[in-house]
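Thanks for coming, everyone. Let me put the structure up, and then I'll walk you through a few places in it.

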Amino acid sequence: MMKNVIFIAPPSAGKGTQSALLVDLGYEHISTGDMLREEISKQTEIGKKVESIMQSGKLVSDDIVYELLKNKLSTLNKSFILDGFPRTLNQANMLDKLFQELKIDNYEVIYLDITLEDALERALGRLTCECGASYSKYNEEFKPKVDGVCDKCGKKLISRNDDNEESFRVRYQTFVDNASPIKEFYESKNKLHNIDTALGKDKVAEEIKEILK
Ligand code: AMP
């Protein structure tokens, strides 16, 4: 079985793009944000509890996210990408115990490194499509073939208006600050791999494959 991945990446580092490539290789993409959004859309007990917390942009309690994740991992029988967990050092410790319980030890932690400047350029130029695809107005590598039109489904692309500069800077800095103890945690276990996203998406993908072999 291919090694499991814990992805840690600042906003706009390309985690979505790299995750999609791994999904094509047979990985299951586990995003705690997506799982929580699904609970909300189904209006489950959990969904009702977390709706306002998520809207405010705060973190949901560790126990709620942990329960969802535990259920998911306990029944999974393929390699996975973990996206959005751990968000705190406490969650890293919880995950470590869960992995021991479930006898999961074939995993690597990948940090996609991106400077604030590069992340800003990507974020402000981001175009998305209803189908989930995303593109960039500025970066040649990520431009759609036809301006403003999705390569995959042909629909009109939308510019995300929440990606304004100031809120992006705050999001980026908060992420980097929170990630630092988590990186140290995995570094001390010899699990952390830092990849410089300035290499471009193809080279990043190659490095990821090399790490997961
Ligand atoms: P994301 O899609 O990863 O950006 O997550 C969206 C929202 O879901 C976050 O702002 C949190 O409110 C919540 N969330 C996702 N993952 C976690 C987590 N590991 N711990 C706590 N809250 C989370």
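First, a term: a polar contact is a pair of N or O atoms within 3.5 Å. Keep in mind that this is a predicted model.

Start at the ligand. A nitrogen atom of the ligand sits 2.8 Å from an N or O atom in the side chain of Thr32. Backbone atoms take part too. For Gly84, a backbone N or O atom is 2.8 Å from a ligand nitrogen. For Val60, the value is 3.1 Å, again from a backbone N or O atom to a ligand nitrogen. There are 13 residues around the ligand, and the nearest are Thr32, Arg37, Lys58, Gly84 and Gln91.

Now the helices. Helix α2 covers residues 32-41, and helix α4 covers residues 62-75. How are they packed? The angle is about 100°, and the axes are 10 Å apart. Angles from 65 to 115 degrees count as roughly perpendicular, so α2 and α4 are roughly perpendicular to each other. Thr32 turns up again here: with Met35, Leu36 and Glu39, Thr32 meets Ile64, Val65, Leu68, Leu69 and Lys72 of α4. By class, that contact has six nonpolar, one polar and two charged residues.

Last stop: Ile211, in helix α8, residues 201-212. Is Ile211 buried or exposed? The relative accessible area is 15%, and buried means under 20%, so Ile211 is buried. What does Ile211 touch beyond its neighbours within four places in sequence? Lys3, Glu108, Ile110, His193 and Ile195. Take Ile110: 101 residues from Ile211 in sequence, yet 8.7 Å away in space, C-alpha to C-alpha.

Definitions and conventions
Residues are numbered from 1 along each chain as its sequence is written. This is a predicted model: local features need pLDDT of at least 70, side-chain atom pairs count only at pLDDT 80 or more; totals for chains, interfaces and linings use all residues. Side-chain values use heavy atoms; hydrogens and water are left out. Helices (H or I, at least four residues) and strands (E, at least two) are DSSP runs, numbered from the N terminus. Buried means under 20% relative accessible area, exposed over 50%, partly exposed in between (1.4 Å probe, protein chains only). Contact means heavy atoms within 4.5 Å. Axes are lines fitted to C-alpha atoms, for helices over the stretch in contact, and angles run from 0 to 180 degrees between N-to-C directions. Angles under 35 degrees count as roughly parallel, over 145 as roughly antiparallel, 65 to 115 as roughly perpendicular and the rest as oblique. Ala, Val, Leu, Ile, Met, Phe, Trp, Tyr, Cys and Pro count as nonpolar, Asp, Glu, Lys and Arg as charged, and the others, Gly among them, as polar. A residue is near a molecule or strand if one of its heavy atoms lies within 4 Å of it. A polar contact is a pair of N or O atoms within 3.5 Å; within protein, one must be able to donate a hydrogen and the other to accept it, and residues adjacent in sequence count only if both atoms are side-chain atoms.
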